[in-house]
Amino acid sequence: MSTSARKLRVGIVGGGFMGRVHGRSALVAGAQVVGAIGSTPERAEAAAEATGADRGYADLDELLAADIDVVHVCTPNNTHLPVTLQALEAGKHVVCEKPLATSVQDAAGLHAAALETERVGTVPFVYRYHPMVRELRTRIAEGEAGVITSLHGSYLQDWLAGEDDQNWRVDDEAGGPSRTFADIGSHWCDLTEFVTGDRIAAISAQLRTVRSNRGGVEVRTEDLATAQFRTEAGVVGTIVVSQVAAGRKNRLYLEVSGTESSFGFDQEDPDRLWVGRRTASQVLTRDPETLSPPAARVNRLPAGHVQGYQDAFDSFVADSYAAVLGDRPDGLPDFAAGARSARLVDAVLRSAAADSAWITVENS
């Protein structure tokens with residue numbers, strides 16, 4: 001995962017929380033963060049300080065004119081399309097925050113643009129990079145589950161549970177027509193399809209807005225969503241996602257049930273993987289001495305030293321840079337994954353609008 005072959009030069013668009021996360025991962029990967037831009041020219045230096053960049057730039061044109069290889073797009077969702085297109089057209093590789101775009105058409109367009117310009121485009125579905133997720137994926141691929149019978153889980157948060165809790169994501173103009181499912185349900189679906197190798201084929205969903213007014217502003221995006229689905233292989237499943245579940249901070253939980261073994265992964269306890277069998281169950285602990293090779297590849301710390309979200313993000317960014325340098329890292333979520341996610345979100349919205357009708361998820 002080293003970029004030591006050549007020190008990549010990167011620029012970061014956006015100096016908020018995700019900009020800071022991207023900036024740290026870029027530095028850990030050995031890249032030089034040449035510059036950053038904020039929401040206004042006046043915020044340039046603050047963005048540079050937040051992301052670890054050498055300096056702030058006044059605007060995107062100025063940043064793209066600099067000698068950089070990769071652009072990280074960490075801005076509100078409705079800006080991903082124009083910023084990413086401009087970066088690709090300038091010959092830059094792009095790491096774009098999710099959702100890749102707020103519509104199927106725009107996400108597909110960005111995927112096509114990356115292919116046309118022959119630039120690497122990746123989307124941080126970073127939960128793929130927990131070693132125990134790779135361990136789960138390997139065991140399923142080897143048939144340890146037997147016949148997979150069902151998939152179920154949830155992604156629960158509480159950061160918008162309060163009556164006056166507010167964020168730009170709540171605004172459908174900035175965040176897009178879906179909030180909770182596009183923001184966190186997309187992670188759960190990507191993780192489920194990644195570890196099973198089986199895609200969601202049809203979905204029936206319902207949405208609920210609990211806080212219809214926040215600080216005097218009407219809310220038109222969902223606070224929570226539930227869905228049932230079936231996969232291309234005929235497996236049935238359920239998912240609950242919420243940003244108003246008091247006490248849950250960032251709990252993504254996935255359980256894969258099989259005839260021989262079942263598996264449970266909890267993102268808030270990422271160093272462990274539950275393995276259930278009819279005769280006995282066990283909890284596997286992340287240990288580089290016993291991990292499968294795919295899991296060991298993304299392991300960063302010795303056993304007993306907790307490895308979490310930022311470590312997973314560091315591995316994702318390192319793999320993105322390796323792809324820029326000509327490698328083909330296994331499991332790297334690219335713009336195809338971002339476009340796939342947009343189709344799933346669109347199916348959820350259309351189902352909910354049609355009284356939970358079953359909607360087929362398009363493959364392309």
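## Salt bridges across the chain

Lys249 counts as exposed at 55% relative accessibility (buried means under 20% relative accessible area, exposed over 50%, and partly exposed in between, with a 1.4 Å probe and protein chains only). This is a predicted model, in which local features need pLDDT of at least 70 and side-chain atom pairs count only at pLDDT 80 or more, while totals for chains, interfaces and linings use all residues. Residues are numbered from 1 along each chain as its sequence is written, and side-chain values use heavy atoms, with hydrogens and water left out.

The side chain of Lys249 meets that of Asp158 in a salt bridge at 2.8 Å, N to O (a side-chain nitrogen of Lys or Arg within 4 Å of a carboxyl oxygen of Asp or Glu). This pair links distant parts of the chain, with Asp158 in the loop between β7 and α7 (172-175) and Lys249 in the loop between β12 and β13, 91 residues apart; helices (H or I, at least four residues) and strands (E, at least two) are DSSP runs, numbered from the N terminus. Asp158 is buried, at 16% relative accessibility.

A salt bridge of 2.9 Å, N to O, also joins the side chains of Arg277 and Glu144, which lie 133 residues apart in the loop between β15 and β16 and the loop between α6 and β7, respectively. Arg277 is partly exposed at 30% relative accessibility, and Glu144 is partly exposed at 21%. By the rule stated above, the count comes to 21 salt bridges.

## The link between α10 and α1

Asp314 forms a salt bridge with Arg24, with the closest N and O atoms 2.7 Å apart. Asp314 belongs to helix α10 (residues 309-324) and Arg24 to helix α1 (residues 17-28), so the pair ties together parts that are 290 residues apart in sequence. Asp314 is buried at 3% relative accessibility, whereas Arg24 is partly exposed at 40%.

## The open sheet

Nine strands form an open sheet with mixed pairing, in the order β16-β15-β14-β13-β7-β12-β11-β8-β17, where two strands pair if DSSP finds at least two bridges between them. The edge strands, β16 (281-285) and β17 (359-360), each pair on one side only. Within the sheet, β7 (residues 148-156) and β12 (residues 236-242) pair in the parallel sense over seven bridges, and Tyr155 stands opposite Val241 in β12.

## Ser262 in strand β14

Ser262 is found in strand β14 and is buried, with a relative accessible area of 12%. Leaving aside neighbours within four places in sequence, Ser262 is in contact (heavy atoms within 4.5 Å) with Val256, Ser257, Trp274, Val275 and Gly276.
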